[in-house]
Amino acid sequence: CIPKNVYIIGLMNTADRSIQLLDSALRRRFKFIELTPDYKVFTSETSEAEKVLRKINARVRSLLNKDNQIGHSYLMFAKSYCDILSALYNKIIPLLEEYFYNDIDKVRFVLNDNTDAHFYVEDTEAKEAYKLFQNEEIDDEDRDFYELNPAIAIAIESGNEEECKQYLANLLK
């Protein structure tokens with residue numbers, strides 16, 4: 001037995017379906033409290049990060065479900081446009097790629113990547129190499145040839161707030 005003054009708190013990521021049997025067993029025995037992204041942690045200094053997270057999560061919910069939303073911890077300390085873009089580039093985008101099994105079209109939808117400042121650019125070298133492999137024209141529906149835009153890393157490293165702001169403005173449209 002557990003003494004009355006001891007609380008056991010377990011955290012579980014519901015997106016991990018490989019432990020579904022364990023999840024079901026735990027749900028039968030314990031009380032569960034759902035923890036969703038907490039937008040109240042954002043301040044006036046981090047309000048742009050909140051807007052970005054809300055947009056991303058709305059799009060993730062539209063394609064997947066509420067269990068796959070991005071948590072507030074990724075952006076809650078981001079105070080500048082470059083901080084937000086860095087978190088997107090280094091943490092959130094890789095997570096989105098995992099969520100969508102590298103279906104870049106869905107990741108691009110979540111990022112609203114159909115505007116002027118692109119998160120992804122076409123990998124023309126890979127596309128040309130694939131043409132040689134196939135020895136024929138590529139059907140656009142068969143294959144995507146995109147890579148993360150290296151210009152984003154340069155903007156982040158240089159601290160170019162205006163350029164970082166442009167990527168985020170496109171995401172928020």
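**Group meeting: core and ring contacts in a predicted model**

Hi everyone, let's begin with burial: of the 173 residues in this chain, 32% are buried. Please keep in mind that this is a predicted model. The chain has seven helices and two strands, arranged along the sequence as α-α-α-α-β-α-β-α-α. Among contacts with a separation of 6 or more, 63% are between residues 24 or more positions apart.

Now to the core. The largest nonpolar one has 36 residues, and Leu-85 and Phe-119 are among those with the most contacts inside it. Helices α2, α3, α4, α6 and α7 each give two or more residues to this core, and α3 gives the most, with 11.

Which aromatic pairs do we have? There are two. In one, Phe-119 and Tyr-167 are tilted, at 5.8 Å centre to centre with 55° between the planes. This pair links the loop between α4 and β1 to helix α7, 48 residues apart, and both Phe-119 and Tyr-167 are buried. The other pair is Tyr-130 with Phe-145, which counts as tilted because the planes are at 50°, with ring centres 5.5 Å apart. Tyr-130 is in helix α5 and Phe-145 in the loop between α5 and β2, so this pair ties together parts 15 residues apart in sequence. Here Tyr-130 is partly exposed, at 21% relative accessible area, while Phe-145 is buried at 8%.

Finally, charges over rings. The charged end of Arg-54 sits over the ring of Tyr-39, 4.0 Å from its centre, and that of Arg-108 sits over the ring of Tyr-146, at 4.4 Å. Thanks, everyone!

Technical notes:
Residues numbered from 1 in each chain as written. Predicted model: local features only at pLDDT ≥ 70, side-chain atom pairs only at ≥ 80, totals over all residues. Heavy atoms only, no water. Core = buried A, V, L, I, M, F, W, Y, C linked by side-chain atoms within 4.5 Å. Buried < 20%, exposed > 50% of the residue type's maximum accessible area, 1.4 Å probe, protein only. Helix = DSSP H or I, 4+ residues; strand = E, 2+ residues; numbered from the N terminus. Contact = heavy atoms within 4.5 Å. Phe/Tyr/Trp six-rings, centres within 6.5 Å; stacked < 30°, edge-to-face > 60°. Lys NZ or Arg CZ within 6 Å of the ring centre and 35° of its normal.
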